[in-house]
Amino acid sequence: MAARAMTEPAFFILTALIDAPRHGYGIVGEVADLSGGRVRLKIGTLYGVLDRLVTDGLVELDREEPHQGRLRRYYRLTDRGLDVLTTEATRQAANAEAATQRLAAHRPATTGGL
């Protein structure tokens with residue numbers, strides 16, 4: 001995954017899998033919660049991203065469980081996935097800090113203060 005930029009859905013899917021394996025709908029709900037409702041994954045998008053994350057070795061199948069006559073697939077984060085997510089989170093935090101500092105320096109002084 002290092003050769004291409006991490007998409008926002010991939011970032012949130014990896015983040016959703018930090019604490020526990022989850023099935024597709026569980027991931028969709030966790031991503032919505034993590035993003036404050038801003039990122040709403042459609043099922044087609046979810047499984048497309050999951051397929052890519054599995055191919056890249058960042059996520060793997062944990063288990064399958066029958067549910068209402070169908071199999072639910074649970075996915076978990078791999079050690080490599082945790083490393084890549086940690087690097088991406090650090091990169092994004094550094095970018096946000098640089099932008100925040102630049103914005104603070106660029107803002108005109110507000111009234112009522114100094």
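Colleague: Which elements do the buried residues of H3 pack against?

Modeller: Contact means heavy atoms within 4.5 Å. Buried means under 20% relative accessible area, exposed over 50% and partly exposed in between (1.4 Å probe, protein chains only). Here the buried residues of H3 pack against helix H1 (8–16), helix H2 (24–34), S2 and S3. This is a predicted model: local features need pLDDT of at least 70, side-chain atom pairs count only at pLDDT 80 or more, and totals for chains, interfaces and linings use all residues. Residues are numbered from 1 along each chain as its sequence is written, and side-chain values use heavy atoms, leaving out hydrogens and water.

Colleague: Which residues of H3 are buried?

Modeller: They are Leu46, Val49, Leu50 and Leu53. The arc is taken from the directions from the helix axis to the C-beta atoms. These residues cover an arc of only 105° around the axis, so they lie on the same side of H3. On the other side, Gly44 and Thr55 are exposed.

Colleague: What span does H3 reach?

Modeller: Helices (H or I, at least four residues) and strands (E, at least two) are DSSP runs, numbered from the N terminus. The expected span is 1.5 Å times one less than the number of residues. H3 (residues 43–55) has 13 residues and reaches 18 Å from its first C-alpha to its last, close to the 18 Å expected. Gly57 follows H3, with a positive phi near 80°.

Colleague: In what order do the strands form the sheet?

Modeller: Two strands pair if DSSP finds at least two bridges between them. Here 3 strands form an open, antiparallel sheet in the order S1-S3-S2. S1 (22–23) and S2 (59–67) are the edge strands, each pairing on one side only. S2 and S3 (residues 70–77) are joined by 8 bridges. Leu61 stands opposite Tyr75 in S3.
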